[in-house]
Amino acid sequence: MNQPPETIYTDKPRVKCDGATDIRGGAALGHPRVWLEIDEKGYVECGYCDRRFVLEGGPAHDVTGAPPEGTA
């Protein structure tokens, strides 16, 4: 069974991801750092690790934890 992507809520429309933010030892255990821009959908997913960054208060921000509309 597929695990849902990790969801990170942010208040900034531009985010960085290295896949190892929460891993002790840092980025050497993740992937190359990439900068991502949240668009009108209100979220963006990292192409390396599938983390989903959701803009707080944006169209994809759902406090129930449901996936953004059209992605299920």
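Guide: A salt bridge here is a side-chain nitrogen of Lys or Arg within 4 Å of a carboxyl oxygen of Asp or Glu. This is a predicted model, and the structure holds five salt bridges.

Visitor: What makes Arg 52 and Glu 45 a salt bridge?

Guide: Their closest N and O atoms are 2.4 Å apart. The cut-off is within 4 Å, so the pair counts as a salt bridge.

Visitor: Why is Arg 52 called buried?

Guide: Buried means under 20% relative accessible area. Arg 52 has 9% relative accessibility, so Arg 52 counts as buried.

Visitor: How do you know that the charged end of Arg 52 sits over the ring of Tyr 43?

Guide: The charged end is 5.2 Å from the ring centre, and the distance limit is within 6 Å. The angle must also be within 35 degrees of the ring normal. Lys 41 lies over the face of Tyr 43 as well, at 5.1 Å from the ring centre.

Visitor: What does the salt bridge of Arg 33 with Asp 18 tie together?

Guide: The closest N and O atoms of Arg 33 and Asp 18 are 3.8 Å apart. Both residues lie in the loop between β2 and β3, so the pair ties together parts that are 15 residues apart in sequence. Asp 18 counts as buried, at 11% relative accessibility.

Note on methods. Residues numbered from 1 in each chain as written. Predicted model: local features only at pLDDT ≥ 70, side-chain atom pairs only at ≥ 80, totals over all residues. Heavy atoms only, no water. Helix = DSSP H or I, 4+ residues; strand = E, 2+ residues; numbered from the N terminus. Buried < 20%, exposed > 50% of the residue type's maximum accessible area, 1.4 Å probe, protein only.
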